[in-house]
Amino acid sequence: MTTPAIQWYPGHIAKAEKALKEQLKLVDVVLEVRDARIPLATQHPQVSEWVGSKAKVLVLNRMDMIPSQVRQLWENWFESQGETPYFTDAQHGKGIQAVTQAAQAAGVEMNKRRRDRGMLPRPVRAVVIGFPNVGKSALINRLLNKKVVESARRPGVTKQLRWVRISKEIELLDAPGVIPGKLNDQEAAIKLAICEDIGEASYDNQRVAAELVELLNYLGDVHGNFLPNSPLQNRYGLDAKECTGEDYLVNLAKERNQGDVERTARQLLNDFRKGLMGAIPLEFPPY
Ligand SMILES: Nc1nc2c(ncn2[C@@H]2O[C@H](COP(=O)(O)OP(=O)(O)OP(=O)(O)O)[C@@H](O)[C@H]2O)c(=O)[nH]1
């Protein structure tokens, strides 16, 4: 049997899950952040169970990294599933106000229920949750309109707990809840690794980069009208068509890095993650 491309550390998963559940106990509304390039792979199957009957605001961040037509496809699809996605670019502060308003609306509902039970109104308490590195801290900073929460390219940088006021109506836990990785879905795990939304897991750059090449070929064939034309050819001057991901890496390594495939794999992944190949969604709504 071949080893899976992504391996998670079970200890870290148990710890992250426990911390997340503790945070969820404290709040009325959950802002669930996903990566707009992979809205399905950044959905954890147990989150709806953990969130329970609390209000949820679904945020698809990194909207700048997908074309606007694809955003529209997702909007339609989520609406058809009875959910409203809020698209944000937390790096540049786009789409933030709509998220605040949605959280505020959840607070209105909560206070109505409190009044019905003879209780005084209070600010709605919220937490931002999501997979590592999807942009939770960047979103919190934008919601607060200042830079107090550390935001970094490295996954797993956010630690302790504090409440902060976003407005008269909303209090936010300033430490985002990190959703632990999934154990059993390698296809989703590879997309998480490609987008670096993965945290405490180990993976092999060469395998992940090879998968990215094959995924780009596949997406070009099936959804070519939504993607930049031949992104690999454009970036590296080397065509990836008719070639396995591994062969492509080997050929590219020969041309650019004296045959160093590992270095080439890392460069390719970094270029994709920085958006240097263009706005490329890795998932499309299921039909
Ligand atoms: N292009 C783009 N980059 C973003 C966006 N939001 C966040 N980033 C970048 O993504 C990286 C990760 O963002 P963070 O806010 O640290 O992510 P996080 O989810 O808090 O990460 P952890 O603390 O590791 O769980 C940073 O380099 C951000 O600048 C966005 O909307 N668009």
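Start by selecting strand β2 (residues 29–35) and β5: the two run parallel and are joined by five bridges. Strands pair here if DSSP finds at least two bridges between them. Helices (H or I, at least four residues) and strands (E, at least two) are DSSP runs, numbered from the N terminus.

Before going on, know that this is a predicted model, where local features need pLDDT of at least 70, side-chain atom pairs count only at pLDDT 80 or more, and totals for chains, interfaces and linings use all residues. Residue numbers run from 1 along each chain as its sequence is written.

**The strand β5**

Click Val29 and look across to Ala126 in β5, which stands opposite. Ala126 also stands opposite Leu172 in β7. That pairing, between β5 and strand β7 (residues 170–173), is parallel and has three bridges.

Is β5 enclosed or open? Six of the seven residues of β5 (residues 124–130) are buried, so the strand is largely enclosed by the rest of the structure. "Buried" means 20 or more other C-beta atoms within 10 Å of the residue's own, "exposed" means 12 or fewer, and "partly exposed" is in between, with C-beta atoms placed from the backbone.

**Helix α5**

Next, select helix α5 (residues 136–144), where eight of the nine residues are buried. Among them are Lys136, Asn141 and Arg142. Show β2, β3, α4 (96–116), β5 and β7 as well: the buried residues of α5 pack against these. Contact here means C-beta atoms, placed from the backbone, within 7 Å.

**Two loop stops**

Most residues other than glycine have a negative phi. Jump to Arg62, in the loop between β3 (55–61) and α3 (68–80). Its phi is positive, near 65 degrees, and Arg62 is buried, with 25 other C-beta atoms within 10 Å.

Then go to Ser230, in the loop between α7 and α8. Ser230 is not a glycine, yet its phi is positive at about 40 degrees. Buried or partly exposed? Ser230 has 16 C-beta neighbours inside 10 Å and counts as partly exposed.

**Helix α9 and its neighbours**

For the last stop, select helix α9 (residues 245–256): its 12 residues reach 16 Å from first C-alpha to last, close to the expected 16 Å. The expected span is 1.5 Å times one less than the number of residues.

Colour Gly245, Tyr248, Leu249, Leu252 and Ala253, the buried residues of α9. They cover an arc of only 130 degrees around the axis, which puts them on the same side of α9. That arc is taken from the directions from the helix axis to the C-beta atoms. What covers these residues includes α7 (205–223), α8 (231–236) and α10 (261–273).

Now show α7 with α9: their axes come within 7 Å and cross at roughly 105 degrees. The two helices are therefore roughly perpendicular to each other. The contact includes Gln206, Ala209 and Val213 of α7 and Glu246 and Tyr248 of α9. Axes are lines fitted to C-alpha atoms, for helices over the stretch in contact, and angles run from 0 to 180 degrees between N-to-C directions. Angles under 35 degrees count as roughly parallel, over 145 as roughly antiparallel, 65 to 115 as roughly perpendicular, and the rest as oblique.

Finish at Gln258, which follows α9 and has a positive phi near 45 degrees.

Terms used
Contact = placed C-beta atoms within 7 Å.
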